[in-house]
Amino acid sequence: MASVTLTINGKKVTVPRGTTVLDAAAQAGIFIPTFCHDPEIPRFGACRICVVEIPGMRNLPASCVTEATEGMVVETESPAVVEARSTILELLLANHPMDCLTCEKNGDCRLQDYCFRYGVKGSGFEGRQHSYPLDDSNPYIVRDLNKCILCGRCVRTCAQVEGRAVIDFAYRGFDTKIAPPMDTPLGESDCVYCGRCLAVCPVGALTYKRMAGKGRSWEYDKKPVTCTFCDSGCQFNLNVKDGKIVGVTAASPGPGRPLCLKGRLGLELLYCDDPQAPELKKDGEFVKVSWADALGLEGVLDKMKKLEGK
Amino acid sequence: MKNLMDKCCDKCKHTPASPCKDYIKCRKEGPICHQDEACKQKRAEILADINLPAGSPKRQVLICAGTGCTSSGSGKLVNKLEEELAANGLTDKVAVKITGCHGFCEQGPLMIIEPLKTFYTQVQEEDVAEIVAKDLVGSEIVERLLYKDPNTGEPAKTYENVPFYALQKRLVLHNCGHINAEEISDYIANDGYAGFVRALFELTPDQVVEEVKTSGLRGRGGGGFPTGMKWGFVRQAQGDKKYVVCNADEGDPGAFMDRSVLEGDPHAVLEGMMTCGYAVGADEGYIYVRAEYPLAIERLKIAIAQAEEYGVLGDNILNTGFNFHLKIKAGAGAFVCGEETALLTSIEGNRGMPRVRPPFPANSGLWGKPTCLNNVETFANVPQILRNGGTWYASMGTEKSKGTKIFALTGKVNNTGLVEVPMGISMRDILFAIGGGIPGGKKFKAVQIGGPSGGCLPDELLDLPVDYDSLTSAGAMMGSGGLVVMDETTCMVDIARYFLTFTQSESCGKCTPCREGTTRMLEILTRICAGEGKMEDIDSLERLARVVKNTALCGLGQTCPNPILSTLRYFKDEYIAHIQDKKCPAGACAALLTYVIDPEKCKGCGKCLKNCPAEAITGEKKLPHVIDPAKCIKCGSCVGGCKFEAIIRA
Amino acid sequence: MTCKCGHVDESTKQEALQAAISKYMAVKGGLIPLLQEAQDIYGYLPKEVMQQISGGMGIPFSKTFGVVTFYSQFHLKPRGRNIIRVCQGTACHVRGASKVFDGVSKKLGVAKNGTTEDLRYTLETVACLGACGLAPVMMVNDNTHGKLTPDKAVATIEKYE
């Protein structure tokens with residue numbers, strides 16, 4: 001395969017033709033921040049936090065969608081780039097609740113990390129802020145759209161599973177938000193609570209309800225585990241705190257890995273030290289159900305009882 | 001044979017299914033396949049009815065039915081005229097033709113009487129009888145309806161004598177206002193499709209691309225990318241299927257040239273697209289028109305239907321094996337769809353959010369196929385380039401900007417309307433010689449060019465030649481060609497705020513800098529206009545403008561700070577006056593106005609007291625009144641009513 | 001198919017919708033023109049109509065909703081018989097469009113995008129109608145009215161029943 005050599009921050013790096021500047025930088029060990037970039041579903045180019053300076057190019061191109069070319073010179077932390085990133089962060093903060101102290105994602109939030117990196121303490125801009133009601137309309141996922149930075153990764157990962165696409169961008173401009181059809185709470189939609197969207201959300205807009213208040217992100221030791229309920233082989237993490245398994249979270253939403261609710265609940269039952277009772281939607285309302293019901297095992301268990309009992 | 005498009009006799013075998021290669025040429029010069037004086041005669045007669053030759057005893061009345069004249073009431077004129085003609089037995093001798101926009105919207109409804117080109121302005125229903133009686137029955141011009149020079153009062157008998165037209169070079173607008181836009185025969189009688197025929201029979205696709213390159217034509221939609229080069233890219237792009245797309249999503253506030261071309265000469269756009277299809281190897285085209293242009297959509301539908309009916313458009317066009325099909329897509333109300341990738345995404349049935357480039361549409365456009373996308377005016381230039389040659393076209397304009405450009409002249413200018421001028425003309429000539437200057441003896445302040453993506457030019461830059469590169473270097477841009485004139489009563493901070501209101505509400509919301517940045521820039525501008533600005537706001541505005549320009553995803557986002565940057569560049573003092581002195585020098589920002597009654601002039605009549613909706617004015621009868629600034633809501637109701645000019649607004 | 005009178009019964013509308021869906025089912029990029037036709041039939045886009053369209057086109061409902069809410073032409077609520085759109089273009093702005101809007105708004109007692117209770121009028125603004133020579137301008141249904149003053153605008157809308 002043909003390759004190209006470029007210079008990033010004075011460092012020469014050779015990559016296969018077609019590689020993005022972002023990936024080339026990663027190969028050279030140079031970090032470029034990203035929000036909307038998803039290696040599984042690339043080329044969205046919306047958040048613009050990954051802009052870099054390339055002499056000869058108009059403006060500051062987004063490194064996630066710019067192809068590395070022979071002889072290209074890239075600066076990833078030039079004054080113009082730093083100004084742009086800081087300003088974008090300030091713009092995001094201007095419309096973001098500053099409740100990091102109680103946020104479930106504290107310590108595991110890209111917005112927080114990048115503000116730290118660029119010394120952005122807050123936003124100098126005053127004005128309109130969203131005040132969407134908190135969506136905790138279902139037992140599994142809490143959506144706080146005030147924290148959403150509209151990177152769209154949840155939308156794209158949801159659409160990757162055939163027949164899902166439960167959420168999409170809705171409305172326009174400053175009023176853009178991620179919404180299920182008719183902008184209902186998630187609990188009233190066809191969402192199956194697989195948690196793919198939670199696995200990719202870079203901020204605190206999507207969090208696990210069943211993990212709420214149980215620990216800080218840095219207290220958890222994440223132990224990977226493969227679900228064996230079906231042959232998809234989905235990856236989950238066991239979240240271990242003080243030696244106890246507190247909850248199960250979806251790990252990586254790869255293609256062909258649907259990450260279903262049933263799998264996650266099954267793993268919770270199997271591994272959690274103190275599993276919470278599952279809930280399912282019956283006649284439009286969420287009700288507590290037996291584990292057998294939640295895992296679809298009632299029929300099997302009945303049959304087993306009959307066969308083994310007599 | 002009733003229509004120019006019809007066969008002259010049974011010897012003509014042309015049908016769309018079995019087309020004759022000479023069909024179009026034959027309509028004007030025919031018959032070609034046989035010699036028959038009677039046939040030739042009949043064709044000549046029909047042609048003479050379409051374009052009355054000088055000295056013809058027949059008369060033709062052209063009534064402008066562009067959007068401007070229609071809303072001034074030109075529709076009623078048609079019925080009335082037909083009634084009057086019938087009553088005077090003139091129906092056979094005088095033809096009535098409904099045309100597209102003639103350009104001088106300010107003076108509409110417009111009526112032209114051919115062959116003398118008598119030019120009547122502001123014609124009302126009640127004027128029709130007089131026009132028929134004097135001009136059409138007799139040969140006496142109705143002088144009171146002629147355009148009169150506002151300075152000399154001199155009437156202009158023909159439109160060619162009106163300064164508004166005299167200094168223009170109407171190339172693309174040649175047919176607008178002269179032909180019936182709903183008749184393909186009118187277009188063909190005026191050399192329509194001759195350029196396409198030349199391309200098809202005399203040139204290879206590569207030669208067509210070369211011809212357009214030679215012409216130097218650049219995209220008229222804003223960016224000014226060389227059209228021939230773009231066609232070349234699409235021609236070279238690999239693909240089993242290619243598309244031609246016409247961007248008719250003209251959304252800049254203050255721009256209406258594309259609308260006028262579509263309404264007045266739709267076939268020129270069709271011909272340009274078909275020629276492009278032949279050149280790049282595409283067999284399908286889309287025209288994306290904004291839904292707010294119902295008349296343009298209607299005219300396009302008629303034009304496409306007629307072109308298909310006669311085999312000008314469709315399969316095996318003129319028996320060459322070249323196929324081309326056209327579809328109209330009506331927009332659904334989103335300014336951002338004027339951005340090329342958003343437009344394509346919208347045609348595909350999605351939210352019109354721009355995509356990242358590269359890949360450029362030339363390589364991967366509509367449904368991932370190579371796509372040639374140009375705007376209305378660009379395509380409308382193509383027929384003439386093919387007809388007269390690229391060298392001819394390149395003889396007009398400046399070194400790097402060839403041909404002509406249509407501008408929509410609006411705002412504080414005497415002659416609003418549509419003007420087409422050669423590239424390189426000075427802005428001063430457009431505004432003062434053609435536009436007739438500023439009304440009401442006010443002083444010129446600036447002209448905004450290029451809409452929300454453009455900038456403003458102050459008086460000292462008016463002698464700049466109008467071409468792509470000069471405008472860009474002055475911080476403005478050609479844009480699609482809206483020219484909004486501003487006088488001393490226009491506040492430049494308010495204008496920047498106005499444009500940001502527009503871009504903020506039309507931002508698609510995909511990328512962070514545009515979605516959040518336009519909101520914050522607008523908020524800062526709004527605060528400054530309300531007298532709540534701080535000096536640091538200017539730095540914040542400059543930084544935001546710079547970052548949004550540098551980092552936004554699409555062209556619209558990258559250019560939306562231009563109105564701020566250019567007003568800051570040329571009118572920073574106005575910003576400072578708003579912030580430091582809490583004054584709006586133009587007297588436009590209501591919150592910064594103060595109303596004071598001059599006790600010397602006030603006669604104590606009490607009128608202002610009655611007019612004031614806020615009960616802010618007090619005073620005894622026949623004694624000077626006083627305005628309480630705390631209660632005053634600055635509506636200005638008091639000023640208009642004061643006979644003694646005692647109320648000062650400052 | 002521009003029924004805005006409200007007297008067409010449901011089954012006729014349903015038939016028209018089904019016909020439109022069949023027409024666009026196999027058309028590439030057919031979603032937006034189909035939504036436009038559906039809105040012509042119903043006057044707005046009710047949830048059930050969007051659901052049927054999504055089903056017919058094989059497009060996720062979330063996407064259809066996303067498309068509908070992106071474009072200002074589509075409406076999720078019923079609208080008035082007469083649509084008034086006051087132009088906010090640059091030329092209109094400098095010639096007093098906001099006063100015209102306020103005049104009409106006051107007369108009808110509705111704000112921007114509001115519909116009068118009797119469903120007679122819906123008041124909207126529009127970016128630019130491209131009739132700048134006649135500024136300030138408004139459009140009532142498909143008719144453009146120019147050179148307006150607030151009083152003239154109010155008098156004009158009264159002609160629309």
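The dialogue below discusses this predicted model, turning to one topic at a time.

Q: How many helices and strands are there in chain C, and in which pattern do they follow along the sequence?
A: One begins by listing the elements. Chain C has 7 helices and 5 strands. Along the sequence they follow the pattern α-α-α-α-β-α-α-β-β-β-β-α. The C-alpha atoms of chain C fill a box of roughly 50 × 30 × 20 Å, taken along the principal axes.

Q: In what order do the strands of the sheet in chain C stand?
A: Strands of a sheet pair through backbone hydrogen bonds, and the pairing may be parallel or antiparallel. In chain C, 5 strands form an open sheet in the order β2-β3-β1-β4-β5, and the pairing is mixed. The edges of this sheet are β2 (114-115) and β5 (143-145) of chain C; each has a single partner strand, so one side of each is left without a neighbour in the sheet.

Q: In which sense do β1 and β4 of chain C pair?
A: Strand β1 (residues 82-87) and strand β4 (residues 138-140) of chain C pair in the antiparallel sense, over 3 bridges.

Q: What is the strand order of the open sheet of 5 strands in chain B?
A: The order in chain B is β9-β10-β8-β7-β11, again with mixed pairing. Here β9 (314-317) and β11 (371-375) of chain B stand at the edges; because each has a single partner strand, one side of each is left without a neighbour in the sheet. From one strand to the next, the twist averages 20°. Strand β7 (residues 243-248) of chain B pairs with β11(B) in the parallel sense over 5 bridges. For B:Tyr243, the bridge partner in β11(B) is B:Thr371.

Q: How many residues of chain A and chain B are in contact, and what area is buried between the two chains?
A: The size of an interface is often given as the accessible area lost when the parts come together. Between chain A and chain B, about 3,000 Å² is buried, of which carbon and sulfur atoms give 51%. The contact involves 33 residues of chain A and 35 residues of chain B.

Q: How many salt bridges and polar contacts are found between chain A and chain B?
A: The rule finds 3 salt bridges across this interface. One of them joins A:Glu90 and B:Arg543, with the closest N and O atoms 3.2 Å apart. There are also 21 residue pairs in polar contact between the two chains, counting pairs with both residues at pLDDT 80 or more. On the side of chain A that touches chain B, the elements that give two or more residues are α2 (79-93) and β5 (168-170) of chain A. Of these, α2(A) gives the most, with 7 residues. The residues of this side divide into 18 nonpolar, 7 polar and 8 charged.

Q: How many salt bridges does the rule find between chain B and chain C?
A: The rule finds 0 salt bridges there, while 14 residue pairs are in polar contact, both residues being at pLDDT 80 or more. In this interface 50 residues of chain B are in contact with 37 residues of chain C. The buried area is about 3,200 Å², and carbon and sulfur atoms give 57% of it. On the side of chain B, the residues that lose the most area to chain C are B:Ala332, B:Arg351 and B:Tyr498, together 18% of what that side buries.

Conventions:
Residues numbered from 1 in each chain as written. Chains lettered and ligands numbered in written order. Predicted model: local features only at pLDDT ≥ 70, side-chain atom pairs only at ≥ 80, totals over all residues. Heavy atoms only, no water. Pairing = 2+ DSSP bridges. Helix = DSSP H or I, 4+ residues; strand = E, 2+ residues; numbered from the N terminus. Contact = heavy atoms within 4.5 Å. Buried area = accessible area lost by both parts, 1.4 Å probe. Salt bridge = Lys/Arg side-chain N within 4 Å of Asp/Glu carboxyl O. Polar contact = N/O pair within 3.5 Å; in protein donor to acceptor, adjacent residues only side chain to side chain. Nonpolar A, V, L, I, M, F, W, Y, C, P; charged D, E, K, R; others polar. Axes fitted to C-alpha atoms, helices over the stretch in contact; angles between N-to-C directions.
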